[in-house]
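Hi,

Here is the structure I said I would pass on to you. Have a look at it first, and then read my notes below.

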Amino acid sequence: DRDKIHTIYCGLDHARFTLDDPPPRSATPLVVTWSRLRRYKSIDVAIKAFGRIHREMPEARMLVMGRGPDEERLKKLTVKLGLAEFVEFRGFLEWDELVRLLHTCHVFLNPSPKEGWGLTVVEANQTGLPVVASDRPGLKDSVRHGETGSLVPYGDDEAFANEALKLLRDPVLWQERSDAARRWAGTFSWVRCVEESLALFEKTAAEGKAR
């Protein structure tokens, strides 16, 4: 019964992802993926998508941020695809360095098959990054398709590349999505989350007493 379902969105540490003096965006197209490097996260899809992007834009570069047991396999994939020179594995980063790097990027790829919510999506949005993500649970809640980014079929590296290229080739579209991403991220407040939760508890308790 949909009338008995209430959605209360989580908050976001806006201060952590906001810089008073952010670095400029990279002078050349810079794609990023940021995740635990585990096989089920499907980072290989993002790397294959970048391979397609690089064929269209040879000046493009990619950052892979995070650590995990799939790292060596992913590095071997970049070598196999001839991308080792253009994909940089940055490993685990302290928050300050991570946030500064996100501010220099242009597009965030999240190829995961599912997320509980997709927190990295709205964290990237707070830095002005549009997102291309899998059209799967969690991610299709945190990405506003056609507004803050794009949703594409899971595992479809060609679709990931095509949506990223649209943004990288069109500065006006990129800026529209970037601005929308910041606005969307700005709606996630822990204060609002608490207030809405308490209001729901009070409403439910009052309805219980009325019965």
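**Aromatic rings**

W184 is buried, with a relative accessibility of 8%. Before I go on, please keep in mind that this is a predicted model.

I started with W184 because, at 8%, it falls below the 20% under which a residue counts as buried. In the structure as a whole there are nine aromatic pairs. One of them joins Y9 and W184, edge-to-face, with 6.3 Å from centre to centre and 75° between the planes. Which parts of the chain does that pair tie together? Y9 sits in the segment before strand 1 (30–34), while W184 belongs to helix 7 (residues 171–185), so the contact links parts that are 175 residues apart in sequence. Y9 itself is partly exposed, at a relative accessible area of 35%.

Y9 also pairs with F188: the ring centres are 5.7 Å apart and the planes stand at 90°, so this pair is edge-to-face. F188 is in the loop between helix 7 and helix 8, and Y9 is in the segment before strand 1, so here the parts tied together are 179 residues apart in sequence. As for accessibility, F188 is buried, at 1%. If you want to see the group in one view, select Y9, W117, W184 and F188, which form one aromatic cluster.

**Salt bridges**

Next, the charged side chains. A search of the whole structure turns up 12 salt bridges, and I'll go through a few of them.

Take E71 and K75, for instance: they form a salt bridge in which the closest N and O atoms are 3.1 Å apart. Both residues are in helix 2 (residues 71–80), and they are four residues apart, about one turn of the helix. Is E71 buried or exposed? With 8% relative accessibility, E71 counts as buried, whereas K75 is partly exposed, at 30%.

A second example sits inside another helix. E207 and K203 form a salt bridge, with 2.7 Å between the closest N and O atoms. Why are these two separated by about one helical turn? Because they are four residues apart in helix 8 (residues 190–210). Here both ends are partly exposed: E207 has a relative accessibility of 34% and K203 has 41%.

The last one I'll mention is E97 with R90, where the closest N and O atoms are 2.9 Å apart. E97 counts as partly exposed, at 37% relative accessibility, and R90 is partly exposed as well, with a relative accessible area of 25%.

**Pockets**

Now for the empty space. Rolling a probe the size of a water molecule over the atoms shows where such space is left.

The largest pocket has a volume of about 420 Å³. Which residues come closest to its centre? Of the 25 residues that line this pocket, the closest to the centre are W34, S35, R36, M65 and T120. Strand 1, helix 3 (95–104), strand 4 (107–110) and helix 4 (119–126) are the elements that each give two or more residues to the lining. Sorted by class, that lining holds 11 nonpolar, nine polar and five charged residues.

The second largest pocket comes out at about 160 Å³. Its lining is made up of R25, S26, A27, T28, P29, H106, L167, L168, P171 and W174. Two or more of these residues come from helix 6 (157–169), and two or more from helix 7. By class, the lining of the second largest pocket has six nonpolar, three polar and one charged residues.

Write back if you'd like to go through any of it together.

Best wishes

Terms used. Residues are numbered from 1 along each chain as its sequence is written. This is a predicted model: local features need pLDDT of at least 70, side-chain atom pairs count only at pLDDT 80 or more; totals for chains, interfaces and linings use all residues. Side-chain values use heavy atoms; hydrogens and water are left out. A salt bridge is a side-chain nitrogen of Lys or Arg within 4 Å of a carboxyl oxygen of Asp or Glu. Buried means under 20% relative accessible area, exposed over 50%, partly exposed in between (1.4 Å probe, protein chains only). Rings of Phe, Tyr and Trp (its six-membered ring) pair if their centres lie within 6.5 Å; planes under 30 degrees apart count as stacked, over 60 as edge-to-face and the rest as tilted. On a 1 Å grid over the protein atoms alone, a cavity is a set of points where a 1.4 Å probe fits but cannot get out, and a pocket is an open set with protein on both sides within 12 Å along at least five of seven lines; lining residues have an atom within 4 Å of a point. Grid points are joined across faces, edges and corners, and a volume is the space filled by probe spheres set on the points. Ala, Val, Leu, Ile, Met, Phe, Trp, Tyr, Cys and Pro count as nonpolar, Asp, Glu, Lys and Arg as charged, and the others, Gly among them, as polar.
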